[in-house]
Amino acid sequence: MNIKNSIIHVVLTGGVGSRLWPLSRKSMPKQYLEIFEGKSLFEMTVERNANLADKVMVVGNVDNCHLSEKVMIKLGKPYINIVESTPRNTAAAIAFAAFASQSDDVLIITPSDHIIDEMEEYEHAIKKAISKAKEGYIVTFGIVPTKPETGYGYIESKGDDVISFREKPNSVTAKSFIAQGNFLWNSGMFCFKAGVLLEELKAYQPEVYENSKKAWELNKNGNLDLALSLDIPSISIDYAVMERSKKIKVVPAAFGWSDLGSFESVYDYLITKGHFVDKGGNMVIGSDKHTTFLGLKNTIFVYTDTANLILQKENSQDVKDLYSELEKQKSELLN
C-alpha cells in the first residue's frame, strides 16, 4: 500500500521569553501574548504556514500545552500534539517530531515566537527548502541581515553551502560579519525529511537519539514520561546536528524577520504598526494611561498589573539578567 508522504509544519513552543519580562511570564510566555493586533505570535505562526503544509504538529510542554490548545481551537485546526514533561532543548523536541512522522515526510520546523513579513518571499523560501529537503538535505534558513545585530547567531555561507555557524557576536564582530557580506542571521528554522534528520542525529548524538526514541515509543497520546525524558541530554539541534552534518544547505531569505527577542525589537515592530512614540522616541507598552516622559530619550515603559519595567531601548538585552536575578530570588513576579 502506498502511503502519501506529508509536509508537516512543526511548531516549537518552548521558551518563556525571559527578555520580555514583565510582559512575558511562566504562566503566559511571549508567544501567547495577544499584543500583535489582537493576535499572538503563536497564532500568527500557525496561520502563516497553513497553506504550505498538509498537517500541523505542536511540540510544547506541560506548562504551556493548554495555551496552544486554546489557540488551535480558536483557529479550528486539527493538530498532532506532543507534550514534553520537561524541557530538553531543541534536539529532543525535533527528534520527537521526527519519530511521530513517516520517514519521508518533510518537516518544516519553526519557532512559535517570530514575526515574519513579506509573505511572497517567505513562501518562496519555504518551497525552495522543501525541494532541497526532498533531495535528502537538511535545510536551514539564513536571513539576509539588515544591521550588525548582536542578539542573533550567524551562518557563514557561500551560495547554498554552509561554511560555518557562529555564536552571537559582540558589536565589533557583528560589524565585520556584515562588511564581509556572506553572513546571514540564523533564524532557527529548518526543513528536512524526518528520516534524514534521525539518521544524522543517530550518527552524531546517539544518546539523544536512543533516549528520545525510548521516550517516544512509550508516549501516552503524545505525552512523554518524565523519568525517561530526564535521561535525554539537553542539547540544541545546532550543536547536535547542524554544526556537524555534511548534509546541510542554507536558503538565504529576504523576508522581513525578527525573533522579537528583546524590547528593542518589539519597539521597532510596534512603530511599523503605528504605535505611539513621543518626540523623544519614548514608548509605553501595556497601558493606555497618559504617560509623560521628561528629559528622557528612547525609553520604554512596560506596564503590567504586578510589575513595571522602565528601560533604555539600548539596554534591552540586559532584561535577561534581571530575569535571572528574580529566578535566584524565586520571585513570584516570574509566574
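The structure is a predicted model, in which local features need pLDDT of at least 70 and side-chain atom pairs count only at pLDDT 80 or more, while totals for chains, interfaces and linings use all residues. Residues are numbered from 1 along each chain as its sequence is written, and side-chain values use heavy atoms, with hydrogens and water left out.

Helices (H or I, at least four residues) and strands (E, at least two) are DSSP runs, numbered from the N terminus.

Strand 4 has partners to consider, two strands being paired if DSSP finds at least two bridges between them. Strand 1 (residues 7-12) runs parallel to strand 4 and is joined to it by six bridges, with I8 partnering L107. Strand 9 (residues 183-193) pairs with strand 4 in the antiparallel sense over four bridges, and there I108 is partnered by C191.

C191 deserves a visit of its own. This residue of strand 9 counts as buried because its relative accessibility is 1%. C191 and H9 are 182 residues apart in sequence, yet 9.3 Å apart in space, C-alpha to C-alpha.

Next comes helix 7, residues 206-217. The expected span of a helix is 1.5 Å times one less than its number of residues, so the 12 residues of helix 7 should span 16 Å, which agrees with the 16 Å between its end C-alpha atoms. V208, Y209, N211, S212, A215 and W216 are buried in helix 7, and its buried residues pack against strand 3 (80-84), helix 3 (89-99), helix 6 (194-204) and helix 8 (226-230).

Finally, the second largest pocket is lined by 33 residues, with K147, Y152, W257, S258 and D268 nearest its centre. A pocket is an open set of points on a 1 Å grid over the protein atoms alone, where a 1.4 Å probe fits, with protein on both sides within 12 Å along at least five of seven lines; lining residues have an atom within 4 Å of a point. Helix 10 gives the largest share of this lining, five residues.

Definitions and conventions: Buried < 20%, exposed > 50% of the residue type's maximum accessible area, 1.4 Å probe, protein only. Contact = heavy atoms within 4.5 Å.
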